[in-house]
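Subject: Structure handover

Hi,

Here is the structure I promised to pass on to you. Please open it next to this email, and then read on for what turned up in it.

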Amino acid sequence: MKRVLIITYYFPPVKGAAPWRPFSWAKEFKSHGLDPTVLTRHWVGNESHWSEFVKDNDTPANTEIFDDYKIIHLPSKKFWLLNILNNYLLKYSLLSKVFYFFSSLFGYFNLEVDAYTTFKNFLKEHLQHNRYHYIMLTYPPSNLLKLTPIIKKYTDAKIIIDIRDLWNNYALQNNYRPSLKDRISNKLHFIHTRRYVKKCDLVTVVTPSFIPFFTAMGKAPVEVIYNGYEAFLFNTLKKKQGVKFNVSYIGNLYPRMDLSVLKNGLKLFLQNKSAEKVQVNFIGLGSNEEMKQKVIVDFPLQFLNVTRMLNKDEALQHTLNSDVLLHYGWKGFRGMIGTKTFDYLASGNNILLAPGDDDIVDDLLVKTNTGRVANTPEEFNKILNEWYNEWMQNGHIEYKGLKHEVEFYARENQAAIMAELLTHL
């Protein structure tokens with residue numbers, strides 16, 4: 001078997017969307033003739049706030065061997081200078097801005113999650129004694145890419161750079177007009193990212209709209225590997241039919257979202273409803289106090305169930321138990337699609353997209369026949385009432401999703417596509 005080293009800052013048991021993409025490769029590659037080893041940092045698994053995600057972990061390095069892959073856990077630290085300055089200069093706003101500007105000027109980004117510092121010394125030693133055919137780097141954090149010269153120096157392995165997010169996803173806006181500060185930041189990210197992309201053999205991205213950014217950086221082919229959903233997790237869970245009509249939003253909300261359709265539509269819907277019959281769930285929102293306060297102020301508390309960030313299987317159980325899943329489309333953006341979308345598709349429940357994005361998520365709902373789009377509060381109220389009345393009459397809502405279309409987006413299938421790309425390099 002050809003050997004693959006997957007270098008990823010995020011890997012289970014840490015929560016969130018990021019760890020599941022590299023986990024799918026580790027879990028599936030062996031069935032496609034590849035022998036994976038994962039290099040990551042130690043995680044406790046109960047991290048829920050950003051301060052816990054960036055906290056130093058001094059646990060000594062260890063190795064675990066599973067049937068499908070081997071995993072090496074390393075201690076992790078923030079950028080050494082940041083640890084010093086945080087106690088002194090960075091508490092002053094102007095000095096903080098100067099520090100981060102000059103850090104960016106020299107290509108030092110995402111210093112709080114410094115994967116380069118975490119992995120570099122171990123990787124130098126490891127590559128001198130272990131041969132790999134392929135080495136994969138998952139971005140972000142962007143400083144992970146700084147490991148590329150080390151890889152080139154100590155091995156002849158093919159290098160794959162996988163992109164989960166842009167340095168600024170707002171660059172996907174139609175008619176994007178960045179401020180001077182954003183233009184400078186975008187340019188610095190592009191220049192320094194290109195330094196490493198030019199040295200790699202393949203770039204993979206999570207959405208087609210990322211492709212132009214990376215074809216402009218070098219000659220390496222750029223391919224789409226969608227995030228997808230974990231079919232093996234869904235296979236272990238069963239829907240629990242509730243006594244209430246469950247409407248759920250799973251995941252985080254962000255300040256720049258236009259939530260007017262969702263919030264005003266939901267207020268219209270709840271006007272003549274009883275809390276004994278309807279429950280509105282915001283799963284994970286409790287870990288974001290700012291957005292929690294912005295959202296829950298609009299709804300009667302007796303209807304609400306708000307939780308903190310949950311483990312993946314817990315969040316999926318809520319996804320399965322729902323009668324309607326609320327989703328948000330980034331209208332005016334190209335190709336914005338998160339992992340939640342695919343979990344929604346796999347749930348077998350109807351999706352209400354409010355508003356639609358006139359882009360990739362709208363198209364995906366049509367292709368899979370898994371939901372409807374509401375672009376006004378009145379549309380939202382009308383659709384949700386239709387489903388509520390059907391639920392009241394039948395105890396469930398008819399689901400007409402196209403299983404064969406949905407299954408393409410299983411992470412297991414996307415990992416198979418990734419494995420094929422590697423073996424044909």
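First, the ground rules. This is a predicted model, where local features need pLDDT of at least 70 and side-chain atom pairs count only at pLDDT 80 or more, while totals for chains, interfaces and linings use all residues. Residues are numbered from 1 along each chain as its sequence is written, and side-chain values use heavy atoms, with hydrogens and water left out. Helices (H or I, at least four residues) and strands (E, at least two) are DSSP runs, numbered from the N terminus.

**The eight-stranded sheet**

Eight strands make up an open sheet with mixed pairing, in the order E3-E4-E2-E1-E5-E6-E7-E8. Strand E3 (62-65) and E8 are at its edges, each with a single partner strand, so one side of each has no neighbour in the sheet. From one strand to the next the twist averages 20°. Two strands count as paired here if DSSP finds at least two bridges between them.

Going through some of the pairs:

- Strand E2 (residues 34-41) runs parallel to strand E4 (residues 70-74), with five bridges joining them; Leu 39 has Ile 72 in E4 as its bridge partner.
- E1 and E5 are parallel and joined by four bridges, and Val 4 stands opposite Tyr 134 in E5.
- E5 and E6 are also parallel, with six bridges; Met 136 has Ile 160 in E6 as its bridge partner.
- Strand E6 (residues 158-163) and E7 run parallel over four bridges, with Ile 161 opposite Val 203 in E7.
- E7 pairs with strand E8 (residues 222-224) in the parallel sense over three bridges, and the bridge partner of Thr 204 is Glu 223 in E8.

Two right-handed β-α-β units occur along this stretch. One consists of E5, helix H6 (residues 148-154) and E6; another consists of E6, helix H7 (residues 180-197) and E7. Right-handed is used in this sense: with the strands pointing away from the viewer, the path from the first strand over the helix to the second runs clockwise.

How many residues of E5 are buried? Six of its six are, where buried means under 20% relative accessible area, exposed over 50% and partly exposed in between (1.4 Å probe, protein chains only). Tyr 134, Met 136 and Thr 138 lie on one side of E5, and Ile 135, Leu 137 and Tyr 139 on the other. Strand E7 (residues 202-205) is likewise covered on both faces, with Leu 202 and Thr 204 buried on one side and Val 203 and Val 205 on the other.

Helix H5 (residues 115-129) lies across strand E1 (2-7), E2, E4 and strand E5 (134-139), and runs at about 145° to E2. Axes are lines fitted to C-alpha atoms, for helices over the stretch in contact, and angles run from 0 to 180 degrees between N-to-C directions.

**The six-stranded sheet**

A second open sheet has six strands in the order E11-E10-E9-E12-E13-E14, and its pairing is parallel. Strand E11 (304-307) and strand E14 (371-373) are the edge strands, each pairing on one side only. The twist averages 20° from one strand to the next. Three bridges join strand E13 (residues 350-353) to E14, and Leu 353 has Val 373 in E14 as its bridge partner.

Ile 250 is found in strand E9 and counts as buried because its relative accessibility is 9%. Not counting residues up to four places away in sequence, Ile 250 touches Ile 283, Ala 315, His 318, Thr 319, Leu 325, Lys 340 and Tyr 344, contact being heavy atoms within 4.5 Å. Ile 250 and Ala 315 are 65 residues apart in sequence, and 7.2 Å apart in space, C-alpha to C-alpha.

The buried residues of helix H10 (residues 260-270) include Val 261, Lys 263 and Phe 269. Among the elements covering the buried residues of H10 are strand E9 (245-250), strand E10 (278-283) and helix H15 (377-394).

**A helix pair**

Helix H1 (residues 20-28) and helix H17 (residues 411-423) pack at about 70°, with their axes 9 Å apart. Among the residues of H1 that meet H17 are Trp 20 and Trp 25, and Met 418 is one of those on the H17 side.
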